[in-house]
Amino acid sequence: SPSASPTSTAKNPCGPVTVKPPAKPKSWSAVPAADTAQDRTWTVTLGTNCGDIELSLDGRRAPQAVASTLHLVREGFYTGTPCHRLTTEGIHVLQCGDPTGTGTGGPGYNYGPVENAPKDDVYPAGTVAMARQGGNGSSMGSQFFLVYQKSSIPSDAAGGYTVLGKITKGLDIVKKIAAGGTETMSGDGKPRWAVSIESAKTRDA
């Protein structure tokens with residue numbers, strides 16, 4: 001796959017951010033029931049200011065993560081949320097799903113354990129996986145990461161990272177965002193080009 005190393009000459013693929021998150025994000029006390037994923041495949045379209053990114057979510061292999069994600073999409077939780085973290089060295093991911101943009105926000109609940117993690121710790125390009133705190137398999141909430149280049153992410157005490165689906169359209173958009181690097185041009189930080197989820201819709205595949 002093409003290199004995703006940041007370059008100062010890369011062209012910004014994104015338009016201006018037009019939707020902001022609410023001053024007080026929605027929150028819930030209860031985790032959505034896993035069986036609402038219905039053992040099915042679901043399609044979620046993230047409308048970003050950089051273009052649409054379509055995801056296929058596997059409700060059979062990751063029912064709890066998919067059930068939670070579908071709930072958040074339907075409730076409009078992701079509308080206006082920035083993609084707050086880009087990693088271009090060691091691993092190659094764009095992290096999104098925190099309405100506060102700080103990396104500490106969530107939907108008011110956490111869940112676990114880890115589901116459907118790869119046994120070899122390898123996450124192919126196009127993988128959609130849940131972010132969590134290191135060593136804590138029950139710390140998943142709303143944040144997820146998009147793998148734009150094959151990455152090996154070592155397991156810790158809690159295991160690997162829940163793979164809830166894959167990117168079916170728009171991987172090229174994520175790669176273009178990654179090509180811009182971070183604001184500080186380090187290997188990990190806020191994307192140089194502002195990226196925001198301006199809409200999120202779901203339908204069963």
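Leaving aside neighbours within four places in sequence, Ser196 is in contact with Val17, Val19, Gly47, Thr48, Asn49, Gly80, Thr81 and Pro82, where contact means heavy atoms within 4.5 Å. This is a predicted model, in which local features need pLDDT of at least 70 and side-chain atom pairs count only at pLDDT 80 or more, while totals for chains, interfaces and linings use all residues. Residues are numbered from 1 along each chain as its sequence is written, and side-chain values use heavy atoms, with hydrogens and water left out.

- Ser196 belongs to strand β12 (residues 196–204); strands (E, at least two residues) and helices (H or I, at least four) are DSSP runs, numbered from the N terminus.
- With a relative accessible area of 2%, Ser196 is buried; the term means under 20%, exposed means over 50%, and partly exposed lies in between (1.4 Å probe, protein chains only).
- A polar atom of the Ser196 side chain lies 3.4 Å from the backbone oxygen of Thr81.

**Aromatic pairs**

- The structure holds 4 aromatic pairs, counted where rings of Phe, Tyr and Trp (its six-membered ring) have centres within 6.5 Å; planes under 30 degrees apart are stacked, over 60 edge-to-face, and the rest tilted.
- The pair of Trp28 and Phe77 is tilted, because the ring centres are 6.1 Å apart and the planes stand at 55°.
- Trp28 lies in the segment before β1 (41–48) and Phe77 in the loop between α1 (63–74) and β3 (81–82), so this pair ties together parts that are 49 residues apart in sequence.
- Trp28 is partly exposed, at 21% relative accessible area, whereas Phe77 is buried at 3%.
- Phe77 also forms an edge-to-face pair with Tyr78, at 5.7 Å centre to centre and 80° between the planes; both Phe77 and Tyr78 are buried.
- One aromatic cluster is formed by Trp28, Phe77, Tyr78 and Phe144.

**Charges over rings**

- The charged end of Arg74 sits over the ring of Trp42, 5.2 Å from its centre; this requires NZ of Lys or CZ of Arg within 6 Å of the ring centre and within 35 degrees of the ring normal.
- Arg132 lies over the face of Tyr161, 4.3 Å from the ring centre.

**Helix α2**

- In helix α2 (residues 171–179), the buried residues are Ile173, Val174, Ile177, Ala178 and Ala179.
- The cover over these buried residues includes β2 (51–58), β4 (85–87), β5 (93–96), β8 (144–147) and β10 (163–169).
- Gly181, which follows α2, has a positive phi near 75°.

Terms used
A polar contact is a pair of N or O atoms within 3.5 Å; within protein, one must be able to donate a hydrogen and the other to accept it, and residues adjacent in sequence count only if both atoms are side-chain atoms.
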